[in-house]
Amino acid sequence: MTELTADVPHRITNPELIPTKRYYDEAFFQFEKEKLWPHMWQMACRLEEIPDVGDYTVYTILEHSVLMLRTASGVKAFKNACRHRGVRLAHGPGHCGSEGLVCPFHGWRWNAEGENTFVFGKQIFSEELLDRAEIDLAPVRVEFWAGCAFVNFDDDAPSLREFLGPVADRMDARHADKLKMDWWCGTILPTNWKLAMEAFQEGYHTMQTHPQLFRVSPNATKSFGTRADGEPVNEDLDARQTIETSVDFMTKLSEGMDGMVHRTEVAVLEKMRGMEVPDDPIVAGQMFYGRAYEEVTVDARQRGAPIFDLLQVAQAQEFHAVEFMFPHYFLLPMLGAMSSYRIRPLTAETCLFEIWSLVIRPEDEVYETPTEPTMLAYNSSEFPEIPRQDYYNLPLQQLGLHDIEHMRLSKTNEGMLSNYQRLIDGYLAGLDRDLLTRAGQIVNSGFEAPILDIGF
């Protein structure tokens with residue numbers, strides 16, 4: 001059905017080949033700005049950023065800015081612009097409970113509900129220009145899921161829940177709405193926004209980019225093949241070695257992400273190194289994870305954390321190490337904690353990349369929740385090891401794409417890249433809204449999905 005997208009520049013005609021101009025062509029970037037982003041549900045803030053009435057923060061996407069404001073009746077979203085002559089009212093997190101929001105240019109004011117409360121010299125304006133509906137802050141559509149507020153500039157877009165599809169149910173089962181921030185970092189990458197996401201949509205790069213994980217992956221040869229010299233990795237492990245390597249892998253993943261496996265979970269896993277297991281290494285591995293789910297659940301509940309039953313969820317749903325919410329948001333579940341990514345375009349070849357470490361924390365635990373990201377250089381040693389390794393490759397890839405015509409994808413392991421890129425083509429072509437919504441639900445199918453039929 002590629003004829004439906006015939007008018008899209010640099011469109012995908014073969015799902016295994018992605019035209020590289022999509023990652024740097026300025027006209028294609030402008031097309032995305034016009035046809036894609038104004039119609040997307042976008043994760044605008046975590047609700048814990050603005051816990052009290054009057055708290056606000058700002059979400060920016062390209063030339064648009066949205067004020068996320070905690071009102072007495074809940075979180076609302078408004079265009080971050082004075083209704084007089086368009087001055088930006090806020091530039092980051094803050095509180096307007098007592099004085100309200102004040103335009104720095106002419107002093108117009110709004111209260112913590114977004115209502116205009118003061119205009120200097122009202123008598124100099126035509127009365128109809130100061131109609132309340134015209135001077136209160138302009139609302140932006142907002143809906144809530146997984147402890148976050150999502151905004152959409154398109155009032156005719158489907159509901160957030162319909163837009164997300166089954167991925168929302170999978171994450172609900174993991175109590176995504178109860179996750180809290182441990183830390184939040186951001187960086188500006190010299191990379192197109194789509195390219196920045198794709199490093200986290202497949203595990204095929206693990207062997208070369210993350211050798212520390214490859215070395216401690218049980219049965220790594222089965223998953224990834226041998227090393228370049230033909231030597232197998234962690235093949236034919238016995239039961240005891242399987243347990244030790246499994247703990248090593250989860251510990252190394254925690255060190256590399258500092259969130260995908262939380263330090264409290266590592267402490268539980270370390271105690272399992274000596275667990276009794278049968279001689280069959282396959283059964284031993286299954287027993288390890290079954291017991292790990294049980295022990296992590298018990299430990300979290302004993303500490304007062306409202307965690308889900310890990311074993312029950314593991315048995316009820318297919319596991320995805322990365323869950324993608326089109327167009328720009330990720331949750332990375334492993335046990336009870338998660339890492340999270342949000343990627344936003346800045347220019348055709350730069351983007352803002354944010355990482356959260358999220359954990360289900362005891363409800364009464366005192367914690368200093370960040371209200372904005374700690375911004376670091378993309379090559380900063382302060383990033384955990386895994387994103388630091390990915391950030392090294394991405395700028396090199398951005399440069400190299402100028403010298404090839406297509407990226408070549410594995411139809412089994414890199415299909416997630418093709419699926420969402422073809423969905424972008426659907427939006428750029430202006431296809432039927434219901435068709436796009438169904439396609440989006442398919443695209444949000446989890447880590448390392450194969451190339452799928454998305455309906456066009």
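The dialogue below takes up salt bridges, then a charged patch, then cysteines.

Modeller: Keep in mind that this is a predicted model.

Biologist: How many salt bridges does a search of the whole structure find?

Modeller: Side chains of opposite charge can pair when their charged atoms come close. Here the search of the whole structure gives 24 salt bridges. One of them joins aspartate 425 to arginine 22, with 2.6 Å between the closest N and O atoms. Aspartate 425 sits in helix H14 (residues 415-428), and arginine 22 in the loop between strand E1 (17-19) and helix H1 (26-35), so the pair links distant parts of the chain, 403 residues apart.

Biologist: Are aspartate 425 and arginine 22 buried or exposed?

Modeller: Aspartate 425 is buried at 2% relative accessibility, and arginine 22 is buried with a relative accessible area of 1%.

Biologist: Which residue forms a salt bridge with lysine 76?

Modeller: Glutamate 113 does, and the closest N and O atoms are 3.7 Å apart. Glutamate 113 is in the loop between strand E8 (109-110) and E9, while lysine 76 is in strand E5 (residues 74-79), so the pair ties together parts that are 37 residues apart in sequence. Glutamate 113 is partly exposed at 24%, and lysine 76 is partly exposed at 31%.

Biologist: Where are the partners arginine 273 and glutamate 244?

Modeller: Their closest N and O atoms are 2.8 Å apart. Arginine 273 lies in the loop between helix H10 (263-270) and helix H11 (281-302), and glutamate 244 in helix H9 (residues 239-257), 29 residues apart. Glutamate 244 is partly exposed, with a relative accessible area of 26%.

Biologist: Which residues form the negative surface patch?

Modeller: The patch consists of Glu127, Glu128, Asp131 and Glu134. Glutamate 127 is in the loop between strand E9 (116-118) and helix H2 (132-135), and counts as exposed at 71% relative accessibility.

Biologist: How many disulfides are found?

Modeller: The search of the whole structure finds 0 disulfides. Cysteine 82 is in none, and the nearest cysteine sulfur, in cysteine 103, is 3.9 Å away. A disulfide requires the two sulfur atoms to be within 2.5 Å. Cysteine 82 is buried, at 4% relative accessible area.

Terms used
Residues are numbered from 1 along each chain as its sequence is written. This is a predicted model: local features need pLDDT of at least 70, side-chain atom pairs count only at pLDDT 80 or more; totals for chains, interfaces and linings use all residues. Side-chain values use heavy atoms; hydrogens and water are left out. Buried means under 20% relative accessible area, exposed over 50%, partly exposed in between (1.4 Å probe, protein chains only). Patches are made of residues with over 30% relative accessible area and no salt bridge: like charges are joined within 9 Å, nonpolar side chains (Val, Leu, Ile, Met, Phe, Trp, Tyr) within 5 Å. Accessible areas come from the Shrake-Rupley method with a 1.4 Å probe; for residues, only the protein chains shown count as cover. A salt bridge is a side-chain nitrogen of Lys or Arg within 4 Å of a carboxyl oxygen of Asp or Glu. Lys and Arg count as positive and Asp and Glu as negative; His and the chain ends are not counted. The place of a charge is taken as NZ of Lys, CZ of Arg, CG of Asp or CD of Glu. Helices (H or I, at least four residues) and strands (E, at least two) are DSSP runs, numbered from the N terminus.
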